[in-house]
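Work through the exercises below with the coordinates open. Try each task before reading its solution.

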Amino acid sequence: MRAKLVLEDGRGFEGEAFGAELRAPICGEVVFNTGMTGYQEVLTDPSYAGQMVVMTYPLIGNYGIREADAESLRPHVRAFIVADPCDVPSHWSSEGGLADYLAENGIVALAGIDTRALTKHLRTKGTLRGAIGLAEVEDQALADAAEAWQPGNLVAEVTTPEAYTVPGPGPHVVVMDFGAKRNIIRSLVALGCQVTVVPADTGADAILASAPAGIILSNGPGDPELLTGPRTCARKLLESGVPMFGICLGHQLMALALGGRTSKMKFGHHGVNHPVKEIRTGRAFVTTQNHEYAVTDLDPSVAEVTHKNLNDGTVEGLRVLGRSAFSVQFHPEACPGPGDTADLFREFVAQLPVAAR
Amino acid sequence: MHGFLPCIASSPEGGDSFSMPVRQDLQSVMVIGSGPVVIGQAAEFDYAGTQACVALREEGLRVVLINSNPATIMTDGEMADRVYLEPLTVESAAAVIAKERPQGLVATLGGQVGLNLAVALADAGVLDRYGVEILGTQLPAIRKAEDRELFKATMVQISEPVPESKIIHTLAEAGAFAGQIGLPLIVRPAYTLGGSGGGIANTPDDLREIVRRGLRMSPIGQVLLERSLYGWKEIEYEVMRDAGDRCISVCNMENLDPVGVHTGDSIVVAPSQTLNDRDFQRLRAAAFHIVRAIGVQGGCNVQFALDPNSDQYFVIEVNPRVSRSSALASKATGYPIAKVAAKIAVGLGLDEIKNPVTGTTTAFFEPTLDYCVMKIPRWPFDKFSTADRRLGTQMKATGEVMAIDRTFEGALQKAVRSLDLGLDGLAAPEALPDDQLDQAVIKADDRRLLFLAEALRRGRTIPALAQATGVDPWFLRKILNIVEAEREVAAGRIDLFRLKRLGFSDARLGSLSGAGEAAVRRMRVRTGIRPSYKMVDTCAAEFEATTPYFYSAYGGENESAPDQRPCVIVLGSGPIRIGQGIEFDYGSVHAVWALRKAGLRAVIINNNPETVSTDFSTADRLYFEPLTFEDVMNVIDLEQPVGVLCQFGGQTAVNLAVPLHRAGVNVLGTTPEGMDRAEDRGLFEDVLESLHISRPAGGAAASLPEAEVIAERVGFPVLVRPSYVLGGRAMEICYDPDDLRAYVQSAARVTPEHPLLIDHYIPGREVEVDAVSDGGSVLIPGILEHVERAGVHSGDSIAVYPPHSLSAAVKAQIARQTLDLARALGIVGLLNIQFVVDGEEVHVLELNPRSSRTVPFMTKVTGVPMVAAAVRATLRESLEAQGYDCPGGICLPPDPGFVACKMPVFSWAKLHDVDTALGPEMKSTGEVMGIGRTYPEALRKGFLACGLGVPVPATALVAIAERDKSEALPVVRALVQAGLRIVATPGTAESLREAGVAAETLTAAEAMEAVRSGSINLLVNTLTRGRQRDSDGFRLRRAATELGVPVLTSLDTAGALGLALGTAGDDVPPPWALQDYAVPVRT
């Protein structure tokens, strides 16, 4: 069925609908991801809640879908936009095809799109909202719908409804789930941690009452400055002196808790090839990133910038002075993307109090 | 700081430092090139070396270059401060080092040859003696990657899996290893060339048989057994690492052909298509792990085998240098690997090197693609019809093509038509019966892709084909998409837009539908279905880039914005193949440069990923496209050039001149009519006649009686050759009607379609001229004289400048005829004429209205910028206006005070079943140059450079055909005088002894044994005539070739070798820098 994406500025891209049936127009923020593999991890990354994801690599679906590659229980993207989806995947571990997976999970997708032209448009204009409707719908109607669309409380949509614990012999780590990717938890469990995942609105007192050896502020969707509750919580947790590690949205919350700011970037960072330099050592790493906001205005007497993006110089990591707390804008848990910085989890666990291990 | 990040703990010897500034202690750096183009080592190293030289000079370094290959851009005087076109031997490199005293040496930019020479220089103590430091990847690291045992030990140490292997000496040992590892196993006998005697053992019986044979064939009775990964996926990563231990992966690539076919002979796609993110990242991490353990500082290629049915992988091979794959990865992504590797070598960190694509960010980033890249090798089996076409672990391709598209199918079909094999799609190469087709699919020769398509066309299922071939079902499904679309077209259902997205050419659609190419094109243009052009920008459009590098895609936005500046399009020469080598890329590059210098916008269309012409910084715009009428016209329609240059891209480009001209395109320079008159035998003869220029009389005969009539008319002796060469049958000289009858009877298949060409044979010297014509005057930088007489293809002959046996009158006559022909044909630009000179008589053999194989060489040795002058001529700037004084219409500078020769280089060892005898079909793949104060000195360097540096004392085996015996005498005497011991086959020995030359007699069997045992250093063998194929001689030549013994089949070459060896003494002639002899000649 012919369908189209119309952006809030009126630019339209027509293609073929696939995945879930497109009954009524759907809206979301349109972002592009530059990874050449890892589409399933992207689909299931809760940080993409509220967003329609455009894959810049044209051939998507080649190796199928399998449960083990999901970063959460279900896809979270609002829609999926590709050039040339693969209908007959090939991989020994594939459990099914992309189109069926999207259909089963109610995700609308568009194929046959000039994703490069769309990406260039987003790069030039900045991230835009868009609406997908059937080809016969008036462009203006879709553009209006896109412009009227507002993301709801995205974190609330994707956080765990209740706390749960993954047992382990090692230190107890609490993960504040703003939309945590599965591999954050897997990485900690692999290091022997006992991991308790708590909902995003859990208070600091409740967390500290569980006597955590360390706390992780997870990744998640949306504008960090809207998350006033978690920001307050993060400040209290920092004051407690419990070692903390923030990832992506968690990094932004840590910065906000320290009195810094975040600002919306033109089109964010979404991909698996973002170069980051560790300032102290001069070493550099290729990282997975997925964010629309960047940390600014950090008070150097409170926190030190530890990492910078080699492309645009944005803050990629910080360390709280006088505390065992640090955070990174990128995703050390990868999935998708390179595991170059996976040892950050080890560094984090290594600094947890010995008694608590 | 608690230091939480140094996560990938410091590597064995790296990771200790970072942010090293460019070293202040370095002023002068030596770069070693890769020498002649041979199979396995082609133009990619000119691309790498050129980039490296530019990169080093950008850092303010003085670059000293040594490379014996004059056809390269990197050996241009502008590329390095000192350019030595000298043999790549320890002695000559040492002499250059002694003269130039470089402080550093980059070993990893000149392919395997460059790497080996650097190691040899170190081993010989030369580097220590002159205090030359190896820059970039260090020797211990090179050894860790190159030495089989050391590599294996390193991998075991870091727990990276390598295929289990064992060296065995008995059948029992083989059985024990098989019991441990299981079958299949690869069996490789030690020290047999090209892996002869080896194989894959699938059953215990196989194993016994192959091991027994292998043990027998190995001269040391030793066999290597290795786990067979046949059928596994072959995956490559191109990785960069700097001295500060920063690593990036530039690109990964997946071979369509599974493990078992050499990666250079595999169809390769980038990025990988059938790997999920876990596979992708696991192998990337392993590649980093490996380059860190080895200690690479620069570029490195890591090859893996990945089980198609599990997570298991093995490391197959590591190349700690730039390579064919790195050139492909550079072109596939836009990331200049060689340039960055050179910067790393002189101490820059990846994060300190500017990203040339964005201009603002750094080289520490990983490209991401938003298109699919396809590479298909170009094999020489169109030239070597007797060669074994089967693909295996020995690479056989001479070149490759690359295509880019937004669909896999599009990239595949574009690549197929880029091969310049007359394929406009996936047409079956021959009509095989079903059972043979099933075999052909499994056998994996150069036509497998086409056979796979045909098998799908005939209803073979994907699972069955995947099972039989190891080709991943994903690739087969994509090929099936093409086949199914073909079926729709044949059935009259034509969704043109969709078909174009699948890469169908107008020509293919025209033949499938029966409408013809022109009709399809008309319909396409009428309905507005035109390609748009997308940019290759390394970053999938995430950042604004200005790379002028484009590919076509149907559907979507065009990014190649109109530019008001007038432009000229240069057509490139496509893949490197025998007869159309790197020399034509040299011409294309210089044409581009000349256009830019003239203030025009230069646009190039080409599809060879190895070359300098497809470096996106060469032209103002690069279109990576097939060189067909359709693909070229699409670019022309967009760019609206003021003209197109067809004369620099070899025959590929020349062949497009007429179709483009008919389509109303302005072909610059020589008109297409002029080109046609030069190339059409009949028309050309008319021109010669009108100018009273002699050409050996001749004709074409469709039968023996016709042949006899023609031979009588032109007069014996006659040179006869089939117009279509089958089975390597040589051109032959027939001295009388009996000879002719014998030849025609053995040559068979003389038909009206494939007539016999008969020319009066003039036993003279072959002479060649490259000239620039402005339509009124000609610039002849010099005249080249060939060592071998007529009968040997000019590309396989040794060419000498200046000529040493031509009188002033003959030279004047040659110049006069060149002028007359250029004027008569209306040549504007380059032309190449072959002459034969008999005494004082000059005859014309042929004229090529284009750039030629010898243009780079002549440019180098004379200093005349021939291509630039030609381009300016095509832009209507006369030679006089360019500053060339042309009295009487001719500018012919005087001969220089030195001698230079251009020598052919062959790839015999790579191609089994090919006769090494020289003949009318060109067989060489590359060339080297020798320059000296005298003719023998130049020859000596040339022979050294092409690997014919016969060490004296040595033994030459001589086997001469009856008719050549008297002529052979002085040649053999020269060899004796040079200190060679002579052994000969009975007839030859007898005639030598009769003439007073001492020669030991060997029977045919003894001769073969002597060759096999390694006691022969040179084989001189001339061909018996009149026989289908002299089998003794053929076997002897092949045996010698497989053992690396030089084989000469022309007495002229042997005489030259005798001259070189005899007068040289022990001293190596001194090295000579281009800057000291190639002084531009302007009068």
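**Exercise 1: a strand and its partners**

Strand S13 (residues 214–217) of chain A runs parallel to S11(A), and 4 bridges join the two. The model is predicted: local features need pLDDT of at least 70, side-chain atom pairs count only at pLDDT 80 or more, and totals for chains, interfaces and linings use all residues. Residues are numbered from 1 along each chain as its sequence is written, while chains are lettered from A and ligands numbered from 1 in the order in which they are written.

Task: characterise the pairing and burial of S11(A), residues 172–177.

Solution. 
- Helices (H or I, at least four residues) and strands (E, at least two) are DSSP runs, numbered from the N terminus. Two strands pair if DSSP finds at least two bridges between them.
- Take S13(A). Here A:Leu217 is the bridge partner of A:Met176.
- Take strand S12 (residues 194–199) of chain A. It runs parallel to S11(A), joined by 6 bridges. A:Gln194 in S12(A) stands opposite A:His172.
- With S11(A) and S12(A), helix H6 makes a right-handed β-α-β unit (with the strands pointing away from the viewer, the path from the first strand over the helix to the second runs clockwise).
- Check burial. In S11(A), 5 of 6 residues are buried (20 or more other C-beta atoms within 10 Å of the residue's own, with C-beta atoms placed from the backbone).

**Exercise 2: two packed helices**

Task: at what angle do H33 (residues 1004–1012) and H34 (residues 1031–1042) of chain B pack?

Solution. 
- The angle is about 10 degrees, and the axes are 9 Å apart.
- H33(B) and H34(B) are therefore roughly parallel (angles under 35 degrees).
- List contacts (C-beta atoms, placed from the backbone, within 7 Å). Residues of H33(B) including B:Ala1004 and B:Met1008 meet residues of H34(B), among them B:Asp1032 and B:Leu1036.

How values were computed. A residue is buried if 20 or more other C-beta atoms lie within 10 Å of its own, exposed if 12 or fewer, and partly exposed in between; C-beta atoms are placed from the backbone. Axes are lines fitted to C-alpha atoms, for helices over the stretch in contact, and angles run from 0 to 180 degrees between N-to-C directions. Angles under 35 degrees count as roughly parallel, over 145 as roughly antiparallel, 65 to 115 as roughly perpendicular and the rest as oblique. Two residues are in contact if their C-beta atoms, placed from the backbone, lie within 7 Å.
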